Amino acid sequence: MKVIVIVLLASTTLFAQSKKEVALNNEAVSLMDNGNYKEALIRLDSLTSLDENNFIYRYNRAVTLFNLKQYQKAIAEYKYLHELIPDQSEYVFQTGNSYEQLDSIPQAISFYNKAIEIDADHFIYFFKRGTLFLKQNKLNNAVADFTAAIELNPKHHNSFHNRAITQYKLGKHDKACEDWCQAAQLGNTYSQTNLKRNCSKAQPCASVK
């Protein structure tokens, strides 16, 4: 998740913000960058009390709450942000991500679905949903999502790795080994272990470029 920094221009303000607000927000961001989320939250609480509909303040507060593992509060922030800007998929996705941290899998999948409906160009949306499908043993759905993630980002080794696990569970061992080869060549050390353990061919990666 990205934090948002505001720089005050010499003769103008952004979003009608005062110099004090800009300074507070940038202080908060600096604290977040250094992992001091408790102190950052104090400043972000002050900012949102000054302007409750400012999406920059609320987004940074949502990120902070998530990192403080206050997931329910983060969810409330992301839902509020989604109401402010309904066509922004990030807020919906992060709502799902927060539900996933709470182990509320059906809710997480529901929000990942909504994020993909809004914007289907983010590989991580498919990867995260596919991982939850894998946990639920919905293997065909998982393969479809990992495949979509790979099409969007052919270098995402975790998508190859998880698709390999799914293929192996489906009994498609050759395809699983091909995916583990791809993932290993992209640097996934877990895939290297699975290749040695599960792939019996002398050179299982010979046909993989």
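Select Arg-58 and Tyr-80: Arg-58 lies over the face of Tyr-80, 3.8 Å from the ring centre. A charge counts as sitting over a ring if NZ of Lys or CZ of Arg is within 6 Å of the ring centre and within 35 degrees of the ring normal. This is a predicted model, in which local features need pLDDT of at least 70, side-chain atom pairs count only at pLDDT 80 or more, and totals for chains, interfaces and linings use all residues. Residues are numbered from 1 along each chain as its sequence is written, and side-chain values use heavy atoms, with hydrogens and water left out.

Next, select Lys-114 and Phe-111. Here Lys-114 lies over the face of Phe-111, at 4.6 Å from the ring centre.

Now turn to ring pairs. The structure holds 8 aromatic pairs; rings of Phe, Tyr and Trp (its six-membered ring) pair if their centres lie within 6.5 Å, and planes under 30 degrees apart count as stacked, over 60 as edge-to-face and the rest as tilted. One of them joins Tyr-59 and Tyr-78, edge-to-face, at 6.3 Å centre to centre with 70° between the planes. This pair links distant parts of the chain, with Tyr-59 in helix α3 (residues 55-67) and Tyr-78 in helix α4 (residues 71-84), 19 residues apart. Helices (H or I, at least four residues) and strands (E, at least two) are DSSP runs, numbered from the N terminus.

Buried means under 20% relative accessible area, exposed over 50%, and partly exposed in between (1.4 Å probe, protein chains only).

Select Phe-66 and Tyr-71 for another edge-to-face pair, at 5.3 Å centre to centre and 70° between the planes. Both residues, Phe-66 and Tyr-71, are buried.

A polar atom of the Thr-95 side chain lies 2.8 Å from the backbone oxygen of Tyr-91. Thr-95 is buried, at 1% relative accessibility. Leaving out residues up to four places away in sequence, Thr-95 touches Ile-75, Tyr-78, Lys-79 and Phe-111; contact means heavy atoms within 4.5 Å.

The last stop is Asn-188, in the loop between α10 (173-185) and α11 (189-198). Asn-188 is buried, with a relative accessible area of 2%. A polar atom of its side chain lies 3.0 Å from the backbone nitrogen of Tyr-190.

Conventions:
A polar contact is a pair of N or O atoms within 3.5 Å; within protein, one must be able to donate a hydrogen and the other to accept it, and residues adjacent in sequence count only if both atoms are side-chain atoms.
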